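Notebook open. Entries follow in the order I looked things up.

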Amino acid sequence: MKNTVLIVWNLVLTAIIAFLFFYVFAEKKERAENDEKKNLSGNAAEAHADSSNELRIAYVNVDSLENNYALFASKKKELEAKQQQSEAVLNKKVTAFQNDYTSAQQQAATMTETQLQAIQEKLQKQQAEIQQLQTALQADFQNQLEKFNIELKDSLDSYLKTYNSDNRFTYVLSYSAGSDILYAQPQFDITADAVKGMNERLQK
């Protein structure tokens, strides 16, 4: 009788353990499936978010812009004229120095020591003035060039803010021969729009 009770009790315990094992296993499996579904839905949402935030990049061909932008053309002529004027002033000083130096060489044999010293000091002064003038002209031209570059960039930046006010592009890059951009698809080239828009703004 006692053995029979033990056998029955063992069978009950075995059944209970089997039930608990099956219940726990099924619950873990269900949780794993739910977690997988959540991950899949989360990944889909992230993918959708990424697609909605896709980078849209356009570019402006700086070489073409410079060749067709009226302000650049006028400023370029202005700088070239200024450079030619500076070179003319400098060349005039250099020519005068060369003439005085040649004359001093020709007359050196007939000059007194005092005269030689005076002409030497004059030539040294002329040479120093030429060097100072050259430095000043170069610095002035460089300043004018930097101002022009800043003006051109400000003009382009201002136009692009208006042009891209609808945020259609995430970035607008500059492209030119020899730049780090090795290839750009033509459909993303907005140079023609930039040239047209910037020239129209000059007329207002």
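**Helix H3**

I listed the buried residues of H3 and got Leu 71, Phe 72, Leu 79, Ser 86, Leu 90, Phe 97 and Ala 104. Buried here means under 20% relative accessible area, exposed means over 50%, and partly exposed is in between, with a 1.4 Å probe and protein chains only. Helices (H or I, at least four residues) and strands (E, at least two) are DSSP runs, numbered from the N terminus. I then looked up what covers these residues of H3, and the cover includes helix H2 (62-68), H4 and H5.

This is a predicted model, so I note the limits: local features need pLDDT of at least 70, side-chain atom pairs count only at pLDDT 80 or more, and totals for chains, interfaces and linings use all residues. Residues are numbered from 1 along each chain as its sequence is written, and side-chain values use heavy atoms, with hydrogens and water left out.

Next I checked the length of H3. At 1.5 Å a residue, its 38 residues should span 56 Å, and the end C-alpha atoms are 56 Å apart, which agrees. The expected span is 1.5 Å times one less than the number of residues.

**Helix H4**

Buried residues of H4 include Ile 119, Leu 123, Gln 126, Ile 130 and Leu 137. Further along H4, Phe 148, Leu 152, Ser 155, Leu 156, Tyr 159, Leu 160 and Tyr 163 are among the buried ones. Their cover includes H2, H3, strand S2 (171-175) and H5.

**Whole chain**

I counted five helices and two strands. From the N terminus they run α-β-α-α-α-β-α. Of the 204 residues, 17% count as buried. I also looked at contacts (heavy atoms within 4.5 Å) between residues at least 6 apart in sequence, and 86% of them join residues at least 24 apart.

**Cores**

Which residues touch the most other members of the largest nonpolar core? Of its 18 residues, they are Leu 65, Tyr 69, Tyr 159, Ile 190 and Met 198. S1, H3, H4 and H5 each supply at least two residues of this core. The largest share, six residues, comes from H4. Such a core is a set of buried Ala, Val, Leu, Ile, Met, Phe, Trp, Tyr and Cys residues joined through side-chain atoms within 4.5 Å. In soluble globular proteins, nonpolar side chains tend to be buried together.

I followed Leu 65. Beyond neighbours within four places in sequence, Leu 65 is in contact with Val 60, Leu 156, Thr 191, Val 195 and Met 198.

**Largest pocket**

I found about 190 Å³ of space in the largest pocket. Its lining is Gln 83, Ser 86, Glu 87, Leu 90, Gln 134, Leu 137, Gln 138 and Phe 141. Helix H3 (70-107) and helix H4 (113-163) are the elements that give two or more residues to that lining. By class I have three nonpolar, four polar and one charged.

I looked at Glu 87, which lies in H3. At 41% relative accessibility, Glu 87 counts as partly exposed. Its C-alpha atom is separated by 8.8 Å from that of Gln 134, 47 residues apart along the chain.

**Second largest pocket**

The second largest pocket has a volume of about 150 Å³. It is lined by Ile 57, Ala 58, Tyr 59, Leu 173, Ile 181, Ala 184, Gln 185 and Phe 188. Strand S1 (residues 57-61) gives the largest share, three residues. The lining has seven nonpolar, one polar and no charged residues.

Both pocket entries rest on a 1 Å grid over the protein atoms alone: a pocket is an open set of points where a 1.4 Å probe fits, with protein on both sides within 12 Å along at least five of seven lines, and lining residues have an atom within 4 Å of a point. Grid points are joined across faces, edges and corners, and a volume is the space filled by probe spheres set on the points. For the classes, Ala, Val, Leu, Ile, Met, Phe, Trp, Tyr, Cys and Pro count as nonpolar, Asp, Glu, Lys and Arg as charged, and the others, Gly among them, as polar.

I checked Ile 57 in S1. Ile 57 is partly exposed, with a relative accessible area of 35%. Outside four places in sequence, Ile 57 touches Phe 169, Tyr 171, Leu 173 and Phe 188.
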